[in-house]
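Open the model in your viewer and keep the selection panel at hand. The stops below say what to select next and what is there.

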Amino acid sequence: MICTLGFSQTAAPTQPVRNAWDVISVFSGAYTDVGSDFFPNWGQGTTYEQVDLDGDTALHYSNLDYQGIQFNSAINAVGMTKLHIDIWTPNVTPFEVFLIAGGENSITLTPAASGWNSYDIDLATAYPNRTLNNVIQFKFVKT
């Protein structure tokens, strides 16, 4: 997933090379994406657009308070081990990343300012109480 929490003028990092059957892609130019609503109307103050960054398309969320990504149908992520996210932000505001599947757990990320930050989040450690056979949403919350 490529996500900008500000606006970068540089392309996102190259996506890790993995076998297509080992990837459930939410938003990537490198793999086939699952259907998703990147801006569900949850009453958030966040604004959203898709932008072109040197030939890469990125999700651009501004004024982040909270933001969800709603999947068109539940994702079965059993057997998956990592959640890979690329983030660019102009400031160092920590935010929580929630995985929502029969409840929700979150982890807090604090990206470095004005540069791309790549995360490979261990699903079992970060979201120990979630059953991964019914993932319905991700949520991002400014802390």
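Which residues form one aromatic cluster? Select F39, Y48 and Y61: these residues form one aromatic cluster. Before going on, note that this is a predicted model, in which local features need pLDDT of at least 70 and side-chain atom pairs count only at pLDDT 80 or more, while totals for chains, interfaces and linings use all residues. Residues are numbered from 1 along each chain as its sequence is written, and side-chain values use heavy atoms, with hydrogens and water left out.

**Aromatic pairs**

The structure holds 5 aromatic pairs. Rings of Phe, Tyr and Trp (its six-membered ring) pair if their centres lie within 6.5 Å; planes under 30 degrees apart count as stacked, over 60 as edge-to-face and the rest as tilted.

Select F27 and F38. Their rings are edge-to-face, 5.2 Å centre to centre with 85° between the planes. The pair links distant parts of the chain, 11 residues apart: F27 is in the loop between strand 1 (2–4) and strand 2, and F38 is in the loop between strand 2 and strand 3 (47–53). Strands here are DSSP runs (E, at least two residues), numbered from the N terminus. F27 counts as buried because its relative accessibility is 7%, and F38 counts as buried at 12%. Buried means under 20% relative accessible area, exposed over 50%, and partly exposed in between (1.4 Å probe, protein chains only).

Go back to Y48 and Y61. Their ring centres are 5.5 Å apart and the planes are at 35°, so this pair is tilted. Y48 belongs to strand 3 and Y61 to strand 4 (residues 56–62), 13 residues apart. Y48 is partly exposed at 27% relative accessible area, whereas Y61 is buried at 1%.

An open sheet of 5 strands has the order 2-5-10-7-8, with antiparallel pairing. Two strands pair if DSSP finds at least two bridges between them. At the edges are strand 2 (36–37) and strand 8 (104–109), each pairing on one side only.

Select S36: this residue stands opposite F71 in strand 5. Strand 2 and strand 5 run antiparallel and are joined by 2 bridges. Then move to strand 5 (residues 66–75) and strand 10 (residues 135–142), which pair in the antiparallel sense over 6 bridges. Pick I69 to find its bridge partner F138 in strand 10, then I75, whose partner there is V135.

**Last stop**

Select K139 and F98. K139 lies over the face of F98, 4.3 Å from the ring centre. A charge sits over a ring if NZ of Lys or CZ of Arg is within 6 Å of the ring centre and within 35 degrees of the ring normal.

Technical notes. Helices (H or I, at least four residues) and strands (E, at least two) are DSSP runs, numbered from the N terminus.
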